[in-house]
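Subject: Structure handover: ligand and cavities

Hi,

Here is the structure I promised you. Please open it first, then read my notes.

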Amino acid sequence: MQLTRKGLWGGIIREFREFLPEIQDDAVTTLLEGNTPLVECVNLKDLFGELRLMLKFEGLNPTGSFKDRGMTMAVSKAREEGAKAIICASTGNTSAAAAAYAAKAGMRAFVLVPDGQIAMGKLSQAIMHGAMVLQIKGNFDNALEIVKEITRDYPIKMVNSINPFRIEGQKTGAFEVCEHLGHAPTYHFLPVGNAGNITAYWKGYRQYYGEGIISNLPKMMGFQAEGAAPIVLGHPVEEPDTLATAIKIGNPASWDGALKARDESGGVISSVTDDEIIEAYKLLAAREGVFCEPASAASVAGVIKMKKEGVLNDGDTVVCTLTGHGLKDPDIALKSSEKPIKVPADTAKILKVMGF
Ligand code: F0G
């Protein structure tokens, strides 16, 4: 047998080059992100009936979240422009991705995170990849304002999703969904924090539609956490509060993009409670074998809510983006589930506990 490279994935820039802004070859910085699975839910018929529910599991990207799609673009572009350093504000995942791609590009990374409010896995990633981690006494919105000020005056590239190349990279998630299904879904559900990803997916779907690659567009369904739901309320939230720390954001940068996605697609932006988020989070892990982080489960909590409200119909294809991996936040996993059972090192006693 002869070994060939056929079928090996080259990362989103190489795979979707014709649909992305041009980038010089030698600037491309990739960890081979993208090509994540679209996993069909098969065990939840009791909840969803004949709805076809598919999970776009972005937790399987190199740093464990969808941010890698945007970061490969933003960092490659920064490198092309000769930048030596990047900076971002983050609830955790952006900082992990920024740190990793900066390491790959040989650049410095500065990340500003809300003190004590980011999941352990994400913090350890940023530190391990060599970023300077600055924990501020304030929330994400405060951190983003500071990053905006710094990048106004200093030659450091901002890699938050205000950077248009982040959106360009993240829209490839929509391309992959279309290629997997052979068409666009009826509905696309996403968690909404800073609102970059819903903006990006809508851009991706519209682009494939414009090119004639797909002939339908999905309704875009964004879900915020109830305590951090500025778009639903119609005004910024001073002190956002949710256990889904990734989406604990009170004044999203891409607010307009989210409204546009909702209105142009005929979709919805709504909220789910922390209890609903945890219920969906546990359901996916225990019954579908998919371990995502709590914020990601806001999308599935949204599907459960919309199904109850009679919005979704049998036969609809519903895609949920599961934005990050469950291992990012082991604390919440352990807090929200049953404790392991302590047993003596004794076979007979263990068998008894096992119910034999
Ligand atoms: N899910 C996860 C796991 C996230 O980390 C984020 C955002 C979102 C959903 C929301 O996506 O902001 O595009 O609406 N995390 C950012 C960060 C804010 O700093 O990691 P969005």
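Below is what turned up around the ligand and in the cavities.

First, the ground rules. This is a predicted model, in which local features need pLDDT of at least 70 and side-chain atom pairs count only at pLDDT 80 or more, while totals for chains, interfaces and linings use all residues. Residues are numbered from 1 along each chain as its sequence is written, and side-chain values use heavy atoms, with hydrogens and water left out.

The ligand

Start with the shell. The ligand is surrounded by 20 residues. Ser 90, Asn 194, Ala 195, Asn 197 and Thr 323 are the closest. By class, the shell has eight nonpolar, 10 polar and two charged residues. (Ala, Val, Leu, Ile, Met, Phe, Trp, Tyr, Cys and Pro count as nonpolar; Asp, Glu, Lys and Arg as charged; the others, Gly among them, as polar.)

Now look at pairs of N or O atoms within 3.5 Å, which are called polar contacts. Ser 90 uses its side chain: a polar atom there lies 2.7 Å from a ligand oxygen. Asn 194 uses its backbone, with a polar atom 2.7 Å from an oxygen of the ligand. Asn 197 also has a backbone N or O atom 2.8 Å from a ligand oxygen.

How much of the ligand does the protein bury? Taken alone, the ligand exposes 470 Å², and the protein buries 99% of that. These areas come from the Shrake-Rupley method with a 1.4 Å probe.

The cavities

A cavity is a set of points, on a 1 Å grid over the protein atoms alone, where a 1.4 Å probe fits but cannot get out; its lining residues have an atom within 4 Å of a point. There are four cavities of 30 Å³ or more. A volume is the space filled by probe spheres set on the points.

The largest cavity is the space taken by the ligand. Its volume is about 310 Å³. The lining has 26 residues, and Phe 66, Lys 67, Gly 193, Asn 194 and Ala 246 lie nearest the centre. They split into 11 nonpolar, 12 polar and three charged.

The second largest cavity holds about 60 Å³. Its lining is Glu 276, Glu 279, Ala 280, Ala 301, Ile 304, Lys 305 and Lys 308. α12 (274-288) and α13 (294-308) each give two or more of these residues. (Helices are DSSP runs of H or I, at least four residues, numbered from the N terminus.) α13 gives the most, with four. By class, this lining has three nonpolar, no polar and four charged residues.

Best wishes

Terms used. A residue is near a molecule or strand if one of its heavy atoms lies within 4 Å of it. A polar contact is a pair of N or O atoms within 3.5 Å; within protein, one must be able to donate a hydrogen and the other to accept it, and residues adjacent in sequence count only if both atoms are side-chain atoms. On a 1 Å grid over the protein atoms alone, a cavity is a set of points where a 1.4 Å probe fits but cannot get out, and a pocket is an open set with protein on both sides within 12 Å along at least five of seven lines; lining residues have an atom within 4 Å of a point. A molecule sits in a cavity or pocket if more than half of its atoms lie within 2 Å of its grid points.
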